[in-house]
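Here is a short tour of a protein model and the ligands that come with it. Have a look at the sequence and the structure first, and then we can walk through the details together.

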Amino acid sequence: MSPSALPLGDPLPADGSFPQEVLDALPGRAQKPFGLYVHIPFCSVRCGYCDFNTYTSEDLGPGASRQSYPDTLIGELEFARGVLDRSGAPERPFSTVFFGGGTPTLLPAEDLSRILIRARELFGFAEGAEITTEANPDTVTPESARVLAEAGFTRISLGMQSAVPEVLATLDRTHDRLNVPRAVEAARAAGLEVSLDLIHGTPGETLQDWRRSLEEAVAMAPDHISAYSLIVEEGTAMAAQIRRGTLPDIDPDDQADKYLLTEELLSAAGYRWYEVSNYSTSEKTRSDHNLNYWLDSDWWGAGPGAHSHMAGMRWWNAKHPAAYAQRLHAGTTPGHGREILDAEAKVLEHLMLRLRICEGLDVAAYNAMEELQEIQGEPITAGELRRLVGDGLIEEVAAAPSAEHPGGRAVLTLKGRLLADAVTRRLAP
Ligand SMILES: C[S@@+](CC[C@H](N)C(=O)[O-])C[C@H]1O[C@@H](n2cnc3c(N)ncnc32)[C@H](O)[C@@H]1O
Ligand code: SF4
C-alpha cells in the first residue's frame with residue numbers, strides 16, 4: 001500500500017544498505033514469504049475519498065512521465081537487487097507480487113509486463129507465485145488481459161466500488177459500471193483470477209443500494225471480494241465536503257448494518273471471510289500478498305511513497321514521483337526514511353493483525369513472544385478469553401485449549417469483527 005502521508009524516521013544511507021541488526025536477522029527469515037509491491041502513481045481522475053499517492057498529470061518531471069516511469073521503476077528493482085546482494089542474505093524468490101496504485105492499468109499492458117519480466121529476471125518467482133494487478137474497470141480489454149496473463153500475471157483486482165450510479169457519482173468514480181462485467185469476462189477469458197473491490201457507507205448510500213452492489217458483485221462470480229468501510233481521510237475533497245455540510249457525515253451504525261448485510265449475502269453466496277474486510281471462495285483464492293502484510297512477512301515496496309519491510313525494519317520512499325526518480329537517477333536509494341520497530345510496536349502489531357484474520361491469535365505463541373517479555377507486558381489469561389467469549393466477541397470453540405493451540409485462539413465472532421479495535425484494546429499488554 002502507499003498511503004499519502006509519510007511518517008518521520010531516520011535517513012537511509014545513500015547505498016540503501018541495511019543496518020547490522022537487519023543483516024543479522026535476515027538469514028533466519030529465509031523461509032518466510034517475500035513479496036514485491038509495485039506502485040503505479042497515475043490515475044485519470046482523482047476520486048474525492050482517496051488519499052493514495054497518485055497523480056492525474058501525465059508528466060510529473062524527468063523519469064516520472066507515464067512513458068518514462070516503467071524504466072525508472074525498473075531502476076529501483078535493479079537497485080534493490082544490489083542492496084540484497086550486498087546484504088549477503090540467502091536468495092529468496094518473490095512468492096507474491098502486487099501492482100497497485102493509482103491505476104496500474106493506465107500504463108500499457110506491455111509496460112506492466114516489462115516491469116514484471118525484469119522482476120522475474122532479477123529475483124525469480126517462487127513456484128505458484130500469486131501475481132496481481134489492480135485495475136480500473138475502464139482500462140481492461142480482452143487484449144490487455146491476454147498480454148498481462150502471458151507476462152505472468154495470475155490475478156486482477158478491479159475497483160468496482162458500487163453498482164449504483166448515484167453512489168459512484170458521490171465517490172467521483174467515472175468508470176462505466178457496465179464495464180465491470182466486461183472486464184471480469186475479459187480477465188477470466190485470459191485465465192486470470194478475479195477480485196472485486198467494493199466500498200460501503202458512502203454518504204447518501206441506502207442499505208438497499210449496498211444490497212444491490214453486493215448482489216451485482218456476486219452475480220459476476222469473482223474469486224475474491226474486498227468490501228471496505230469508507231474511511232474519510234483528512235485532507236481529501238470528501239472530508240472538505242463533509243466539513244462544509246454539502247455531504248452528510250459517515251454514520252457508524254449504518255456502516256455496521258452494511259457490514260452485517262455483507263456477511264449475510266456473501267456467506268449465502270459461498271464466500272467466507274478470512275480478514276475483516278476480505279472474502280474468498282476458498283483458501284486458495286485468498287490474497288496471499290495481503291495475508292503476508294498481516295503475517296509479519298518481508299516485502300519490498302517499489303515506487304514513489306511505497307513502504308517496505310524487512311526483518312523488523314520499515315522504510316518508505318520519497319513521495320513525489322519526480323523526487324523519487326531524481327534519487328534513482330543519481331544512483332542513490334529512493335528511500336526517504338526508515339525505522340526499526342521496537343518491542344512494543346511489534347507486540348501491538350502482532351496482536352492487532354492476527355486478530356483481524358480468521359485463524360485468529362494463537363494465545364500461547366503471543367504470550368511467548370520475546371518482545372512481550374522485553375516490555376514486561378501482561379500475557380493474555382484464560383480468564384480474559386472467557387470474558388470475551390461471554391461478551392460474544394470471540395469464538396468459544398477456538399478459545400478452548402487444544403493440542404495444537406494449548407493457549408487457545410482468539411478468533412473474532414461477527415460481533416467481534418464489528419468491534420475489532422475494542423477487542424484489541426482489551427487484550428493489549
Ligand atoms: C488503489 S485503489 C484500487 C485500484 C484503482 N485505483 C481503483 O480505484 O479502481 C485500492 C482500493 O482501496 C479502496 N479505497 C481507497 N480509498 C478508500 C477509502 N477512503 N475508504 C475505503 N476504501 C478505500 C478502494 O476500494 C480501492 O479500490
Ligand atoms: S482511481 Fe483508485 S487510486 Fe485513483 S484516485 Fe480513485 S480510488 Fe484512488
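## Around the ligands

G102 is found in the loop between strand 2 (94–101) and helix 3; helices (H or I, at least four residues) and strands (E, at least two) are DSSP runs, numbered from the N terminus. The peptide bond from G101 to G102 is cis, with omega near 15 degrees.

A word on conventions: this is a predicted model, where local features need pLDDT of at least 70, side-chain atom pairs count only at pLDDT 80 or more, and totals for chains, interfaces and linings use all residues. Residues are numbered from 1 along each chain as its sequence is written, chains are lettered from A and ligands numbered from 1 in the order in which they are written, and side-chain values use heavy atoms, with hydrogens and water left out.

Ligand 1 has 17 residues around it, and G102, Q161, R173, D197 and I231 come nearest; a residue is near if one of its heavy atoms lies within 4 Å. The table gives polar contacts, meaning pairs of N or O atoms within 3.5 Å.

| Protein atom | Ligand 1 atom | Distance |
|---|---|---|
| Y49, backbone N or O | nitrogen | 3.1 Å |
| G102, backbone N or O | nitrogen | 2.8 Å |
| Q161, polar side-chain atom | oxygen | 2.7 Å |

On its own, ligand 1 has 550 Å² of accessible area (Shrake-Rupley method, 1.4 Å probe), and the protein covers 93% of that. Strand 3 (125–135), strand 4 (155–161), strand 5 (193–200) and strand 6 (224–229) are the elements that give two or more residues to the shell. The shell around ligand 1 divides into 7 nonpolar, 6 polar and 4 charged residues. In this scheme Ala, Val, Leu, Ile, Met, Phe, Trp, Tyr, Cys and Pro count as nonpolar, Asp, Glu, Lys and Arg as charged, and the others, Gly among them, as polar.

## A helix pair

The axes of helix 3 (residues 109–123) and helix 4 (residues 142–151), lines fitted to C-alpha atoms over the stretch in contact, come within 9 Å and cross at roughly 5 degrees. That makes the two helices roughly parallel (angles under 35 degrees). In contact (heavy atoms within 4.5 Å), A109, E110, L112, S113, L116, I117 and R120 of helix 3 meet S144, V147, L148 and A151 of helix 4.

Terms used:
A polar contact is a pair of N or O atoms within 3.5 Å; within protein, one must be able to donate a hydrogen and the other to accept it, and residues adjacent in sequence count only if both atoms are side-chain atoms. Axes are lines fitted to C-alpha atoms, for helices over the stretch in contact, and angles run from 0 to 180 degrees between N-to-C directions. Angles under 35 degrees count as roughly parallel, over 145 as roughly antiparallel, 65 to 115 as roughly perpendicular and the rest as oblique.
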